[in-house]
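Reader: I am new to this. Please take one part of this model and walk me through it closely, step by step.

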Amino acid sequence: MKGKIIKNICSKPLMFPGVFYPIESMLGKMFGGFISCWHDLPAEIFKLHVESLHPSKPIPLKELIERHKTGKSTKGCFALTFDDGIGTTVRDISNLCASMGWPVTFYVPTGYVDGGILPYQKVEFIDQYLPIGNYLIPNNSKDIQNKKLNKQQLVQSLTNLIYTEHFKVVNRILDYFVEQILDKEKKNLLYEEYPKPITWDEIEKLSKNPIISFQSHSVTHTAVSGLSENEIEDEMIKSKEIIEQHTGLKVHSFCYPYGAEKSIGVYAPKIAAKHYNSAVTLMRGRLKKNNPYYLPRIDFYNGDSPGFVRLKVILN
């Protein structure tokens with residue numbers, strides 16, 4: 001938190017007239033445009049972020065990637081993407097983007113839209129409600145399995161777990177700790193408190209607007225590095241087909257859950273190339289000479305000031 005405050009303060013000079021644009025123009029000419037990424041934040045904060053990047057302009061993700069793949073200039077262009085499909089975020093951002101004429105892409109995990117709970121949401125629930133104490137992770141294959149962890153260590157270990165492990169392992173371990181919290185009086189607490197997803201009915205209506213696009217973020221939001229090749233392909237094909245059934249539009253892009261190198265592994269980009277036109281990560285960078293199935297994005301968050309947004313773009 002302190003680090004972000006310092007960075008927000010240090011980035012203030014980038015808001016002075018005539019400072020940001022010449023630097024961004026030079027970088028855009030040298031290295032091209034970029035894909036931006038958000039998860040869950042108020043529409044008014046998102047609007048400030050996008051406007052801070054003017055005169056660079058948002059264009060459709062599909063167009064940006066097509067320019068990148070064919071060697072056309074992407075200078076002064078960027079794409080807007082949101083991960084996870086949280087209902088309030090999708091509604092508010094869709095309304096804003098429709099009013100501003102900003103093309104936007106939402107990557108949705110179909111299992112979450114179907115009523116599931118995302119693994120990181122369970123970790124957040126455990127962090128909030130599990131009593132302070134020392135805990136063992138049950139039947140875990142890692143070397144920490146017989147070591148007692150305090151609550152802070154436990155939450156960090158669970159976070160690390162979801163970045164690399166198979167969904168069966170993740171669900172079993174997370175559900176074990178959720179059960180420690182949910183007594184008879186609290187048995188519905190998790191389902192009452194977790195952020196609800198956008199619904200399929202809403203996706204069908206929103207996707208009729210050509211500037212709003214829904215693409216695949218897998219079925220189970222599992223780190224694909226923890227899956228077999230057949231399971232990775234199953235996640236990619238099923239999620240693609242489900243979204244296409246609801247929108248009537250081709251799904252052309254895949255977003256790797258968690259997006260880190262350790263969460264993606266070796267096989268997923270090769271499999272994505274069989275079923276999609278592109279795939280995106282959460283590794284920061286511009287569209288240089290990137291593999292179209294291993295594309296970087298620049299991530300922004302609720303606490304980022306407009307100056308810090310500019311700083312991230314310049315540094316990446």
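Author: Start with a term. A helix here is a DSSP run of H or I that holds at least four residues, and helices are numbered from the N terminus. One more point before the tour: this model is predicted.

The protein chain has 15 helices and 10 strands. Of its 316 residues, 51% are buried. Take the contacts between residues at least 6 apart in sequence: 71% of them join residues at least 24 apart.

K69 sits in helix α4, which covers residues 61–70. Its relative accessible area is 38%. Buried needs under 20% and exposed needs over 50%, so K69 counts as partly exposed. Leave aside residues up to four places away in sequence, and K69 touches N277, P292 and Y293. Look at P292. K69 and P292 are 223 residues apart in sequence, yet 7.1 Å apart in space, C-alpha to C-alpha.

Next, the part for our close look: helix α3, residues 43–52. Which helices does it pack against? One is α5, residues 87–100. Another is α15, residues 306–315.

Two packed helices are described by the angle between their axes and the distance between the axes. Apply that to α3 and α5. Their axes are 9 Å apart, at an angle of about 40°. Under 35 degrees would count as roughly parallel, and 65 to 115 as roughly perpendicular. The crossing of α3 past α5 is right-handed.

Which residues meet there? From α3 come A43, F46, K47 and E51; from α5 come D92, I93, L96, C97 and M100. Sorted by class, this contact has six nonpolar and three charged residues, with no polar ones.

Now α3 with α15. Here the axes come within 9 Å and cross at roughly 50°. This pair is therefore oblique too. The crossing of α3 past α15 is again right-handed. On the α3 side we find L48, H49 and S52; on the α15 side, P306, V309 and R310. This contact has three nonpolar, two polar and one charged residues.

Now step to a strand. β1 spans residues 34–38 and is mostly covered: five of its five residues are buried. In a regular strand the side chains alternate between the two faces of the sheet. On one side of β1 are F34, S36 and W38, and on the other are I35 and C37.

What does β1 pair with? Five bridges join β1 to β3, residues 77–83, and the two strands run parallel. In that pairing, W38 has F82 in β3 as its bridge partner. Two bridges also join β1 to β10, residues 298–299, again running parallel. There, C37 stands opposite D299.

One last stop: Y107, in strand β4, residues 104–108. Is Y107 buried or exposed? Its relative accessibility is 0%, so Y107 counts as buried. Y107 and G85 lie 22 residues apart in sequence and 6.6 Å apart in space, C-alpha to C-alpha.

Notes:
Residues are numbered from 1 along each chain as its sequence is written. This is a predicted model: local features need pLDDT of at least 70, side-chain atom pairs count only at pLDDT 80 or more; totals for chains, interfaces and linings use all residues. Side-chain values use heavy atoms; hydrogens and water are left out. Buried means under 20% relative accessible area, exposed over 50%, partly exposed in between (1.4 Å probe, protein chains only). Two strands pair if DSSP finds at least two bridges between them. Axes are lines fitted to C-alpha atoms, for helices over the stretch in contact, and angles run from 0 to 180 degrees between N-to-C directions. A crossing is left-handed if the near helix is turned anticlockwise from the far one by less than a right angle, and right-handed if clockwise. Contact means heavy atoms within 4.5 Å. Ala, Val, Leu, Ile, Met, Phe, Trp, Tyr, Cys and Pro count as nonpolar, Asp, Glu, Lys and Arg as charged, and the others, Gly among them, as polar. Angles under 35 degrees count as roughly parallel, over 145 as roughly antiparallel, 65 to 115 as roughly perpendicular and the rest as oblique.
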